[in-house]
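Hello! Here are some notes for you to read with the model open on your screen. Please follow along residue by residue.

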Amino acid sequence: MFVSKNNFYISPEEYLEGERVSPIKHEYRRGHVYAMTGAKKPHIIIGSNLVRLLGNHLLNTPCLVLSSDIKVRLEEANCYYYPDVAVTCDERDTSTTEDFILYPSLVVEVLSPSTAAFDRGNKFVDYQTASSLEEYVLITQSEIKIECFRLNAEGNWVSQTYRQGDRVELVSANFSGAISEIYQKVPGIML
């Protein structure tokens with residue numbers, strides 16, 4: 001969640017240097033740094049559920065399932081974002097100790113009222129510059145609704161929405177699971 005914007009340019013190198021010692025997380029977009037606030041409990045539970053489900057599913061593969069503490073570097077867009085969940089199977093990511101990845105195949109954002117418009121708009125546009133990205137997923141935390149944007153063979157992003165009772169398909173991770181498992185134990189959600 002963005003809460004403040006500086007008014008001067010910061011290089012990616014300066015951002016990374018500062019981020020490594022900062023007590024709070026910041027996202028970086030084209031020379032500007034934005035502080036992130038803490039997530040609410042439903043947001044955290046949804047992200048944790050999905051990390052666990054995908055992690056178990058991909059346990060015996062070379063893929064990594066990463067939580068909101070890893071940054072995704074979008075070189076062409078000149079951004080660093082902290083997605084709620086990211087999956088990378090690219091050896092250039094899995095074999096490095098960097099505190100960011102460059103080649104996500106799947107990115108998941110859990111929507112907050114204050115971030116939903118940005119996550120759907122400019123952030124999605126920025127993520128589309130990652131040539132490795134196959135799916136971009138937006139999860140609503142206040143109701144059972146998951147929107148999956150999937151890159152098709154023609155290079156177009158196609159949307160599919162999942163609701164209560166559906167099985168969620170994440171093709172990039174070869175994953176299929178009940179939507180109820182993703183929303184399990186989320187306060188205020190009736191399954």
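1. The side chain of R150 reaches the backbone oxygen of E169 at 2.8 Å. R150 also has a side-chain partner: a polar contact of 3.3 Å joins it to Y162. A polar contact here is a pair of N or O atoms within 3.5 Å; within protein, one must be able to donate a hydrogen and the other to accept it, and residues adjacent in sequence count only if both atoms are side-chain atoms.

2. A word on provenance: this is a predicted model, in which local features need pLDDT of at least 70 and side-chain atom pairs count only at pLDDT 80 or more, while totals for chains, interfaces and linings use all residues. Residues are numbered from 1 along each chain as its sequence is written, and side-chain values use heavy atoms, with hydrogens and water left out.

3. Where does R150 sit? Its place is in strand β11, strands being DSSP runs of E with at least two residues and helices runs of H or I with at least four, numbered from the N terminus. Its relative accessible area is 17%, so R150 counts as buried (buried is under 20%, exposed over 50%, partly exposed in between, with a 1.4 Å probe and protein chains only). Leaving aside neighbours within four places in sequence, the residues in contact with R150 (heavy atoms within 4.5 Å) include E134, N156, W157, Q160 and V171.

4. Now look at the sheet around β11. Six strands form an open, mixed sheet in the order β4-β7-β9-β10-β11-β12, where two strands pair if DSSP finds at least two bridges between them. The edges are β4 (64-66) and β12, each of which pairs on one side only.

5. Strand β11 (residues 145-151) runs antiparallel to β10 (residues 135-140), with six bridges joining them; K145 of β11 stands opposite T140. Seven bridges join β11 to β12, again antiparallel, and here I146 faces Y162 of β12. The hairpin of β11 and β12 has five residues between the strands, and in it G155 takes a positive phi near 85°.

6. Which geometry do F124 and W157 adopt? Their ring centres are 5.4 Å apart with planes at 75°, so the pair is edge-to-face. F124 is buried at 8% relative accessibility, whereas W157 is partly exposed at 22%. Both belong to a cluster linked by ring pairs, together with Y81, F118, Y127, Y136 and F149.

7. Finally, two lysines lie over tyrosine rings. The charged end of K123 sits over Y81, 4.8 Å from the ring centre, and K25 lies over the face of Y82 at 5.0 Å. The criterion is NZ of Lys or CZ of Arg within 6 Å of the ring centre and within 35 degrees of the ring normal.

Key: Phe/Tyr/Trp six-rings, centres within 6.5 Å; stacked < 30°, edge-to-face > 60°.
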